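Please keep the viewer open while reading.

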Amino acid sequence: MSLGFIMLCHTALHRAAQVARVWAEAGCPVVLHVDARVKAVAYDRLVADLSDLANVRFSRRHACEWGTWGLVAATLDAAGLMLRDFPGLGHVYLASGSCLPLRPVAELRDYLAARPRTDFIESVTTADVGWTVGGLDRERFTLRFPFSWRKHRWLFDTYVTLQRKLGIRRRIPAGLTPHLGSQWWCLTRATLQAIVHDPDRPKYDRYFRRVWIPDESYFQTLVRLHSTTVESRSLTLSKFDFQGKPHIFYDDHLQLLRRSDCFVARKIWPQANRLYREFLAPAETQGPRADPNPGKIDRLFSKATERRVRGRAGLYMQSRFPWRGWENGLTAQLYSVFEGFGDLFQDFDSWLARSIGGRVHGHLFAPDRVHFAGGERVYNGCLSDSAALRDYDPERFLTSLIWNTRGERQCFQFGPRDVQDIAPFFARDPNAQVSVITGAWAVPLFRSKGDFSDLRREAARLQQIEARHVAQLRQHDTRARVRIWTLAEFLENPMEPLQTIVDEISPNALRRLAEAPRLADLGGFGRFIQDLRNQGMQPTMVGDIPLGEDPSPAAGRKGRPYLVK
C-alpha cells in the first residue's frame, strides 16, 4: 500500500464511484470529498455504492465554488484523513471525480516507487507564468478577494478596482514566495504531512483564504518550503482552451489519450461510455511504457485552439461574427475589382474573361440587381441576384461569394452608380485587387442624350461619390492592392496597365495580350468635358483632356496604335 488517492467530486457521482472502485480494488486507499452543495440523496447513494470497500473513506464536506477557499479546505481535510487512517503510504495523488485512469495502477505505483522522494506538482513563480487568464497574476496574492468571481462579478471587479485606487497591498507571509500551478498533484507522504501539520498553517490558511483561486497556489507555494525534490509537472493530463476553461475529452479522443502515456486524464465527459469501458477494463500485460508526456499531443490542441479562435480564412462563424478584427481574414481568397473599365471599354467583361480564362461578373452591387457572370439569377451557394437580399448585409454577400467559389478568381465591376456600402470593406481587405479609372463615369454621360443641365448635375453627383471612394482607398489603413489612374492618364497608354492587371490575376500564365478591349467612341469627348467646365462643374476626376482633342490612343498625342499585334 504505497499510493493513495484523494478525489474531489461534485457531479456525475456514478462515474466517480466507478473510478474509486478500480483504484480501491487495486489496493490503493481512496478518500472522497463530495461538494456540500450535492443533495443528500445523491451523496448517500454514493456512500452506499462504495460501502463494501474497506479502504474507502469520506471526508467532511465543504461547499466548493470555483476560485474560492472551499476547494483547499476540502483537500486539506481529505489529506488529513488519508494520513491518519492509512499510515503506510508513500505518495498521495489528488484527482477529481471527472478523472479517468489511463494506465494500470500498478504502472503508476512502480513509477512512483522508483522516485520515492519526488513531489509531482506544477509550481512556478508568477513571473514565469504565461498561461493565467483573467489579468491577475501577482495581484491575486496582494489584493483581497472576499467576493465570488462567478456569483458576484460586479462586486468582485469593483472591489479590485477600489483596492488598486487606494493602493491597498496585502503583506505576503514571511518566507513565502508565491507559486502557481495545476490543482492536480501527487505528493510524497512526508511533504503532504509537513504541509498539513505545519505549525504556521493557521497563518498560511488565513492568508490564502483571501487569495484568488487558492487551489492553484496553496500547495504549489507551500511545497517549496517542505519538499526536497520538486518535479514541476502534473501527472494528470489536463488541457485548457484559450479562455482558460478545461478541455473535455469524449469517446473520439480515445487514441489521443493513449498516445499521451499519462497516468490520469481530466476532464472526461460523463457520457463517454467507450472511454470508461476501455480504460477501466482489466489491464493487459504490456511492455515498458514511456514516461507521461502530454507534449506529444500539444500540437493537436494548438491546432484545435487556432481553429476555434481564428477559424478558416474568410469563413465566418458565430463565435467571431459580431466582432470586427476577430475574423481570420475578411475573405477566403484573392479577387479583383474593376472601376471605370466597363464604362470605357465595350464588352469589357467578355474580353477579361477570355484573357484570364475565367468568369467575370458585371456590377455585383448595381441598384437594380446583382449582375452575376453569364446573367445567372442564382449563383454558387444559392446566392440570389436580389438587390434587397444583397443589401441586407453586403459584406456577408461578398464574403459568401468568395467562399463559395474558392479556387476560382472572382472579378467584378464597381462604380459610383453602385451601392457604396461595400466600398470600405474591400478597401481594408488584403485579398482585394482594386483598379480604378477615375472619371470614366463621364463616358456614358457623354454618349447619352438628354438635357445638358441634367447631365451636369449627374456628373457632379457621380464625381462626389467617386471622390469619397478614392479618398477611402487612399487611407493609411487601406490594405487592398490599389491602382488608380485618371481617365486622361489611362488613355495615354491603356495596354500597359491592362497587361499588368492581367499578369497579376494570372501570374502562372504570363503572356502578352493578343487583343485589346474595344474602346468606346470618344470623338468629341474633349468638347463635352469643356462644356461641363463652362456650365460651372469641374470634372477633376477625369484628368487633363484638352478641348477638341480625340483622347483615344489611336489618335493620341503620342500617336501610339491601340491594337497590339
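Helices here are DSSP runs of H or I with at least four residues, numbered from the N terminus. The model is predicted.

Q163 sits in helix 6, which spans residues 153-166. Is Q163 buried or exposed? Its relative accessible area is 1%. The cut-off for buried is under 20%, so Q163 is buried. Leaving aside residues up to four places away in sequence, Q163 touches L143, R144, I168 and R169.

## Strand 13 and its neighbours

Strand 13 covers residues 335-339. Five of its five residues are buried, so strand 13 is largely enclosed by the rest of the structure. Both faces are covered. Y335, V337 and E339 lie on one side, and S336 and F338 on the other.

Strand 13 runs parallel to strand 18 (residues 410-414), and five bridges join the two. F338 has Q413 of strand 18 as its bridge partner. Strand 13 also runs parallel to strand 19, again through five bridges. Here S336 stands opposite Q433, and E339 stands opposite V436. Strands of a sheet pair through backbone hydrogen bonds, either parallel or antiparallel.

## Strand 19

How many residues of strand 19 are buried? Seven of its seven residues are, across residues 432-438. A432, V434, V436 and T438 point one way. Q433, S435 and I437 point the other way. Both sets are buried.

Strand 19 pairs with strand 20 (residues 481-486) as well. Six bridges join them, and they run parallel. I437 has W485 of strand 20 as its bridge partner.

Three strands form an open sheet in the order 5-12-11, with mixed pairing. Which strands lie at the edges? They are strand 5 (100-101) and strand 11 (236-237), each pairing on one side only.

Strand 5 pairs with strand 12 (residues 264-265) in the antiparallel sense. Two bridges link them. L100 has A265 of strand 12 as its bridge partner.

## Helix 7 against helix 9

Helix 7 covers residues 189-196, and helix 9 covers residues 218-226. Their axes come within 10 Å and cross at roughly 105°. That angle makes helix 7 roughly perpendicular to helix 9, because the perpendicular range is 65 to 115 degrees.

Helix 7 contributes T191, L192, A194 and I195 to the contact. Helix 9 contributes Y218, F219, L222, V223 and H226. By class, the contact residues divide into seven nonpolar, two polar and no charged.

## Helix 14 against helix 21

How do the axes of helix 14 (residues 348-356) and helix 21 (residues 495-505) cross? They come within 10 Å and cross at roughly 55°. The two helices are therefore oblique to each other. The crossing of helix 14 and helix 21 is right-handed.

On helix 14, the contact uses F348, W351, L352, S355 and I356. On helix 21, it uses L498, V502 and I505. This contact of helix 14 with helix 21 has seven nonpolar, one polar and no charged residues.

Notes:
Residues numbered from 1 in each chain as written. Predicted model: local features only at pLDDT ≥ 70, side-chain atom pairs only at ≥ 80, totals over all residues. Heavy atoms only, no water. Axes fitted to C-alpha atoms, helices over the stretch in contact; angles between N-to-C directions. Parallel < 35°, antiparallel > 145°, perpendicular 65-115°, else oblique. Contact = heavy atoms within 4.5 Å. Nonpolar A, V, L, I, M, F, W, Y, C, P; charged D, E, K, R; others polar. Pairing = 2+ DSSP bridges. Left-handed = near helix turned anticlockwise from the far one by under 90°. Buried < 20%, exposed > 50% of the residue type's maximum accessible area, 1.4 Å probe, protein only.
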